[in-house]
Amino acid sequence: MAAPVRTLCCSVLRLSSRHFSTTCGLQAGDKWRKEHGLARTGSEYGPLTDLPDWSFADGRPAPPMKGHMRRKQEREVIARRIVMLSSEVDRGIEAWSEKQEEAKRMEQHKKSLLLKPKGKLLMNKKSPS
């Protein structure tokens with residue numbers, strides 16, 4: 001029974017004058033939003049997404065929605081990652097500066113261990129300065 005239905009559907013699609021597209025369409029206004037510093041879509045962030053949809057008549061806020069809680073948690077994870085990465089960068093900069101200072105100290109120490117001029121060479125160096 002399934003085979004005749006399948007062949008019927010295939011033959012109808014072959015004879016159809018309209019074409020079926022499976023490509024992804026662009027979001028309307030995507031380019032304009034990016035150029036103006038806004039989100040790609042209107043539902044990523046902003047007052048329509050972040051503020052509650054309703055509140056009680058006496059002024060109490062509505063309980064947080066699932067999507068709001070999920071977005072809040074995602075932002076917290078991103079914030080923690082930013083803090084962790086910035087502290088890693090700070091530690092790396094400190095380690096690099098300490099390494100540079102150590103290299104300078106070693107260079108000065110090597111210069112201090114070199115042989116010093118004696119006699120006439122010492123006197124010639126002191127007189128012009």
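Modeller: One term before we start: helices here are DSSP runs of H or I with at least four residues, and they are numbered from the N terminus. Also, this is a predicted model.

Biologist: Fine. How many helices and strands does the chain come to?

Modeller: The chain has 5 helices and 0 strands. Along the sequence the pattern reads α-α-α-α-α.

Biologist: And what share of the residues counts as buried?
Modeller: Of the 129 residues, 5% are buried. The accessible surface is about 12700 Å², and carbon and sulfur atoms make up 63% of that.

Biologist: What about contacts between residues 24 or more positions apart?
Modeller: Taking the contacts with a separation of 6 or more, such residues account for 13%.

Biologist: Give me a buried residue, then. Where is Thr49, and is it buried or exposed?
Modeller: Thr49 sits in helix H3. Thr49 is buried because its relative accessible area is 12%, and the cut-off for buried is under 20%.

Biologist: What is Thr49 in contact with?
Modeller: Setting aside neighbours within four places in sequence, Thr49 contacts Gly42, Ser43, Glu44 and Arg71.

Biologist: Now salt bridges. How many does the structure hold?
Modeller: There are 4 salt bridges. One of them joins Asp50 and Arg75, with the closest N and O atoms 3.1 Å apart.

Biologist: Which parts does the pair of Asp50 and Arg75 tie together?
Modeller: Asp50 is in helix H3 and Arg75 is in helix H4, so the pair links parts that are 25 residues apart in sequence. Asp50 is partly exposed at 25% relative accessible area, and Arg75 is partly exposed at 37%.

Biologist: Where are Glu74 and Arg70, and how many residues apart are they?
Modeller: Both are in helix H4, 4 residues apart, so about one helical turn separates them. Glu74 is partly exposed at 41% relative accessibility, and Arg70 is partly exposed at 45%.

Biologist: What does Glu102 form a salt bridge with?
Modeller: With Arg105, the closest N and O atoms being 2.8 Å apart. Glu102 and Arg105 are 3 residues apart in helix H4, so about one helical turn lies between them. Glu102 counts as partly exposed at 37% relative accessibility, and Arg105 is partly exposed with a relative accessible area of 46%.

Biologist: Switching to the surface. Which residues form the negative patch?
Modeller: Asp90, Glu94, Glu98 and Glu101 form a negative surface patch. Glu98 lies in helix H4, residues 66–113.

Biologist: Is Glu98 buried or exposed, and why?
Modeller: Glu98 is exposed because its relative accessible area is 52%, with the cut-off for exposed at over 50%.

Biologist: And which residues make the nonpolar patch?
Modeller: Trp54, Phe56 and Met65 make a nonpolar surface patch of about 280 Å².

Biologist: Where do Trp54 and Phe56 lie?
Modeller: Trp54 is in the loop between helix H3 (47–50) and H4. Phe56 is also found in the loop between H3 and H4. Trp54 counts as partly exposed at 40% relative accessibility, and Phe56 is partly exposed at 32%.

Biologist: Last one. What does Phe56 touch?
Modeller: Not counting residues up to four places away in sequence, Phe56 touches Pro61, Ala62 and Pro63.

Key
Residues numbered from 1 in each chain as written. Predicted model: local features only at pLDDT ≥ 70, side-chain atom pairs only at ≥ 80, totals over all residues. Heavy atoms only, no water. Helix = DSSP H or I, 4+ residues; strand = E, 2+ residues; numbered from the N terminus. Buried < 20%, exposed > 50% of the residue type's maximum accessible area, 1.4 Å probe, protein only. Contact = heavy atoms within 4.5 Å. Areas by Shrake-Rupley, 256 points an atom, 1.4 Å probe, with all protein chains shown as cover. Patch = residues over 30% accessible without salt bridge, like charges linked within 9 Å, V, L, I, M, F, W, Y side chains within 5 Å. Salt bridge = Lys/Arg side-chain N within 4 Å of Asp/Glu carboxyl O. Lys, Arg positive; Asp, Glu negative; His and termini not counted. Charge placed at Lys NZ, Arg CZ, Asp CG, Glu CD.
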